[in-house]
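Hi,

Here is the structure I said I'd pass on.

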Amino acid sequence: MKRLWSFLNIFEESIMVIGMTIMVFFNFFNVVCRYLLPQTPFSYTEELVILVFIWVSMFGISYGYRKGSHTILNVFTNRLPFRFQPFVIFFAAASSAVLMLLFAYTGYRMVMNQVEYEQVLPGMRIPMPFVSAAIPLGAAVTFISILKTGFEEMKGHFSRAGEKKEAAA
């Protein structure tokens, strides 16, 4: 199981690093060309940046969940009495998981619709399903990350509860 999480971390980090590099390079190069040349040779850069941004965002959500980057929830949860904290952790994980299932379902329907109507990006002529596939794929990976993180948070909470009982005894 550790190999799977290690692979997902490397995969998501690669998507994010490569994607951010592509976005910065093409945006910068497009701006430079816009000011130096009478007409920019890169009319497709906006489409490319949006395409890459969607992929980076969807896999970044999963990566953030797995790394425990939802600090607002932690701040809120830690202010509650200890016995109510598991309910908030469970509610947050369950509602996030349901949201990702909805994303995956509607994203899948959107991709199938785009396949049926053979939609393509107007500038780059890339099939739209390639762009939109990031939504159901990212949502599915995020769903798995939510379950893993929620389980680990609940496990950590109950182990802290055991430590408090031992300290009190």
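First, a quick one to get your bearings: in which helix is the place of Val31? Val31 sits in helix 1. Bear in mind that this is a predicted model.

Val31 comes out as partly exposed, since its relative accessible area is 36%, which falls between the 20% and 50% cut-offs. Together with Tyr35, Leu36 and Leu37, Val31 makes up a nonpolar patch on the surface, and the four share about 450 Å² of accessible area.

Now for the inside. The largest nonpolar core counts 27 residues, and Leu51, Val52 and Trp55 have the most contacts within it. At least two residues of this core come from each of helix 1 (2-36), helix 2 (45-66), helix 4 (85-116), helix 5 (128-132) and helix 6 (134-168). Helix 2 gives the largest share, nine residues. As for Val52, if you skip neighbours within four places in sequence, Val52 is in contact with Gly19, Ile22 and Met23.

I also checked the length of helix 2. It has 22 residues, so at 1.5 Å a residue it should span 32 Å, and its end C-alpha atoms are 31 Å apart, which agrees. Just after helix 2, Gly68 has a positive phi of about 70 degrees.

Ser96 counts as buried because its relative accessible area is 15%, and buried means under 20%. Not counting residues up to four places away in sequence, Ser96 touches Tyr65 and Ile146.

Cheers

Conventions. Residues are numbered from 1 along each chain as its sequence is written. This is a predicted model: local features need pLDDT of at least 70, side-chain atom pairs count only at pLDDT 80 or more; totals for chains, interfaces and linings use all residues. Side-chain values use heavy atoms; hydrogens and water are left out. A nonpolar core is a set of buried Ala, Val, Leu, Ile, Met, Phe, Trp, Tyr and Cys residues joined through side-chain atoms within 4.5 Å. Buried means under 20% relative accessible area, exposed over 50%, partly exposed in between (1.4 Å probe, protein chains only). Helices (H or I, at least four residues) and strands (E, at least two) are DSSP runs, numbered from the N terminus. Contact means heavy atoms within 4.5 Å. The expected span of a helix is 1.5 Å times one less than its number of residues. Patches are made of residues with over 30% relative accessible area and no salt bridge: like charges are joined within 9 Å, nonpolar side chains (Val, Leu, Ile, Met, Phe, Trp, Tyr) within 5 Å. Accessible areas come from the Shrake-Rupley method with a 1.4 Å probe; for residues, only the protein chains shown count as cover. A salt bridge is a side-chain nitrogen of Lys or Arg within 4 Å of a carboxyl oxygen of Asp or Glu.
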